[in-house]
Amino acid sequence: MAAPAAINPVEIRLRQLLLEEFQSNTSKPAWVAAGGTGIAIRWNQFSLTPQMKAATNEIGQRLGCHTCNTRLEIDADQPWVGDHFPPTELNISARAALDVAFEGKDVNAKTYMLRPQCNSCSYQQAATVRRLNSMTSTEIVKWLNSDANMKLEVFMLINGVSEGKVGVDAIQSSGPKVTSTEGYRIQQLGIANGCHSDPSHRFPANTYHADHIWPQELCTSYMEQVLLHLNLLNHRPAQQELRPQCPRCSGNQGGKLKQIADYAQQYATQHNITFYK
């Protein structure tokens, strides 16, 4: 009598995670019933064009998130960005120049605070910081002093509308990375106070993510082999599409897919399936 097959805990957990992902990464029936459909793309279309993202976002503006039906314009409970002050990515030269341009407003503090920021201001700030880091101190001071509107915009992005009071509209930061506890507290401040760079921004997000309805992490050649081994490739939909997804659902899905990738690579190693990290 043949011995029973050994239990493979990696396979069991991977199969469980994949089946959960297949079930959760579907569009809400109400979203589909309202006429929801995505933008068709190739299976291996990993890099998206601005036009694809814009077309997907137009669908989101009409129908909301395909995963949870959330409409961003009425949901203040999306994830706010925990913004460090002073900005951690600013180099020393840029900080010194801003200190001069803003006439003593200190951006060289040795301790950091965290304040809530919306996605729109966060993207703008990141672009501004990259530009400042590419300039000399003299160029920064000259640039800001020659354009009062730009100077005010940079000031608001980096300093915010207030100096920041711990416990009121800011929290003390423990380091350059936002911890889960700090992130939770930032969400509460964001819901209460809005974006620290622009308080008129009462909602954290106004742009939907373009979600691959068959997650792109599952479209690699090694994942196809893994799914074939597990007899799960039949779950793949007939067509690959982009559908609008809110940042909260996108973040949740990203965490799950990271787990899937970790287990899939272990499974691939066990079965001599070549993969690239």
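**Figure 1. Overview of the protein chain.** The secondary structure of the protein chain comprises 10 helices and six strands, where helices (H or I, at least four residues) and strands (E, at least two) are DSSP runs numbered from the N terminus. This is a predicted model, in which local features need pLDDT of at least 70 and side-chain atom pairs count only at pLDDT 80 or more, while totals for chains, interfaces and linings use all residues. Residues are numbered from 1 along each chain as its sequence is written, and side-chain values use heavy atoms, with hydrogens and water left out. The C-alpha trace spans about 85 × 45 × 35 Å along its principal axes. Of the 277 residues in the chain, 41% are buried (under 20% relative accessible area, with exposed over 50% and partly exposed in between; 1.4 Å probe, protein chains only). Among the contacts in the chain with a separation of 6 or more, 81% are between residues 24 or more positions apart; contact means heavy atoms within 4.5 Å.

**Figure 2. The open sheet β1-β6-β5.** Three strands form this open sheet, and their pairing is antiparallel; two strands pair if DSSP finds at least two bridges between them. β1 (39-40) and β5 (209-212) are the edge strands, each pairing on one side only. Two bridges connect β1 with strand β6 (residues 241-245) in the antiparallel sense, and Ile39 has Leu242 in β6 as its bridge partner. Between β5 and β6 there are four bridges, also antiparallel. Ala210 stands opposite Pro244 in β6.

**Figure 3. Strand β6 and the helices that lie across its sheet.** Five of the five residues of β6 are buried, so this strand is largely enclosed by the rest of the structure. Glu241, Arg243 and Gln245 point one way from β6, whereas Leu242 and Pro244 point the other way, and all are buried. Helix α3 (residues 50-63) lies across β1, β5 and β6 and runs at about 50 degrees to β6. Helix α10 (residues 247-270) lies across β5 and β6, at about 120 degrees to β6. For these angles, axes are lines fitted to C-alpha atoms, for helices over the stretch in contact, and the values run from 0 to 180 degrees between N-to-C directions.

Figure 4. Strand β3 (residues 113-117) is joined to β4 by two bridges, the two strands running antiparallel. Met113 has Gln172 in β4 as its bridge partner.

**Figure 5. The largest pocket and its lining.** The largest pocket holds about 230 Å³ of space. On a 1 Å grid over the protein atoms alone, a pocket is an open set of points where a 1.4 Å probe fits, with protein on both sides within 12 Å along at least five of seven lines; lining residues have an atom within 4 Å of a point. Thirteen residues line this pocket, and the closest to its centre are Asp83, Pro87, Thr88, Glu89 and Gln125. The elements giving two or more residues to the lining are β2 (81-85) and α5 (119-133). The greatest contribution comes from α5, with five residues. By residue class, the lining divides into four nonpolar, six polar and three charged residues; Ala, Val, Leu, Ile, Met, Phe, Trp, Tyr, Cys and Pro count as nonpolar, Asp, Glu, Lys and Arg as charged, and the others, Gly among them, as polar.

Methods. Points joined across faces, edges and corners; volume = space filled by probe spheres on them.
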